[in-house]
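Here are a few exercises to work through with the model open beside you. Try each task before reading its solution.

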Amino acid sequence: MIEEKAPGKLYIAGEYAVIEPGNSAILVAVDRFLRVRLEPTEGLGSLASSQYGRLPVRWRRSGDALVLDREENPFDYVLSAISVTEKYAREHGRSLGIYHLTIDSQLDDFSGRKYGLGSSGAVTVATIKVLARFYDLTLSPLTLFKLAALAQIDIQPNGSCGDLAASAYGGWIAYTAFDRDWARRERAGRSVSAMVELDWPHLEVRPLRAPFDLRLIIGWTGAPASTPALVAMVQARKQRRETHYEEFLAGAKACLASMIDAFDTGSTARIQQQVRIYRKLLHALGQGAETGIETPALDLLCAEAERFGGAAKTSGAGGGDCGIALFDDSIDLTPLFEAWTRGGILPLTLQVFDETRHP
Ligand code: PMV
């Protein structure tokens, strides 16, 4: 039996702008995990998940493809990750095996609701990691990211893949999005290994060091949000020229550059200042839309965090899920947690996860 895990993630800044190639986001991996367990078997393999009551989908191999016993299955990210990793394994001379995969996720609550901590990214990364061990392949974080990105670009065409970078690298990162159209074009007729070896235009993942007194606080609204629906809404408004999209992108670029510099120079106050600026940029982006990026619950989460001296904003697409607040560690957070709890916001006690420090 082999088990691998991948952490959940949160966006600190750069959401929506990072969908455009060449734009950056800052993300952080947190110590809530999605685990994938692999048990070799013969005959029929299976896929099962704690999220779906462990109901297994059985599969067999036909040539290189996995044939499932059901048309409807909730494992599209897992299957895409298997497909890319097994191509890569075959290109490295491995013969393919049969196995049971079991997924256990801490990125959902007990009723199966997602926290918005990046479960699809984490399941992609964890599946690739467990298969890499099964096929005895050593992957650098960059190769792991590229395999995950190749698995994701077909099923989530508008996704920036920032979640994958956070889950693959851990810690705090500055992620600059690659050109997904380029990747889709280039992969046709190329092996996975050849694709991985190319330099991907714009792509950069740079680990950041957080100032020692920076404290990350996370609040969960309890309201599920649909990232694809919100991204489609923002894209449609951009097409209809209902937002000042170019101004948003210019503002985001400047904000991210300042925030990365603030990380590099270890200034918590300047990071907080840029979080507030990014919140305003997201407000402007969503202004006049039917579905808000910052819902009333997220507004309350941010307002209370500001009241107690933090800088706060939505994290990710918004519309529910989680918000983040950054504090300097001299501040007592008990009154904030009480205020959040009174307002229906659940404080999640998560730590930053950095594998280089927590092997
Ligand atoms: O809602 P989340 O945590 O999956 O983040 C989405 C972030 C976006 O920039 C809106 C989309 C993306 O793929 O980067």
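This is a predicted model: local features need pLDDT of at least 70, side-chain atom pairs count only at pLDDT 80 or more; totals for chains, interfaces and linings use all residues.

In what follows, Ala, Val, Leu, Ile, Met, Phe, Trp, Tyr, Cys and Pro count as nonpolar, Asp, Glu, Lys and Arg as charged, and the others, Gly among them, as polar. Residues are numbered from 1 along each chain as its sequence is written.

**Exercise 1.** Describe the shell around the ligand.

Step 1: 15 residues surround the ligand, counting a residue if its C-beta atom, placed from the backbone, lies within 6 Å. Among the closest are Gly159 and Thr227.

Step 2: By class, the shell has six nonpolar, seven polar and two charged residues.

Step 3: Helix H4 (162–169) and helix H7 (227–239) each supply at least two shell residues; helices here are DSSP runs (H or I, at least four residues) and strands likewise (E, at least two), numbered from the N terminus.

**Exercise 2.** Relate the two domains to each other.

Step 1: The chain splits into domain 1 (2–208) and domain 2 (214–348), with bounds from an automatic or database domain assignment.

Step 2: Their contact takes 21 residues from domain 1 and 28 residues from domain 2, using C-beta atoms, placed from the backbone, within 7 Å.

Step 3: On the domain 1 side, S1 gives the largest share, four residues.

Step 4: Back at the ligand, each domain contributes at least three residues to the shell.

How values were computed
Two residues are in contact if their C-beta atoms, placed from the backbone, lie within 7 Å.
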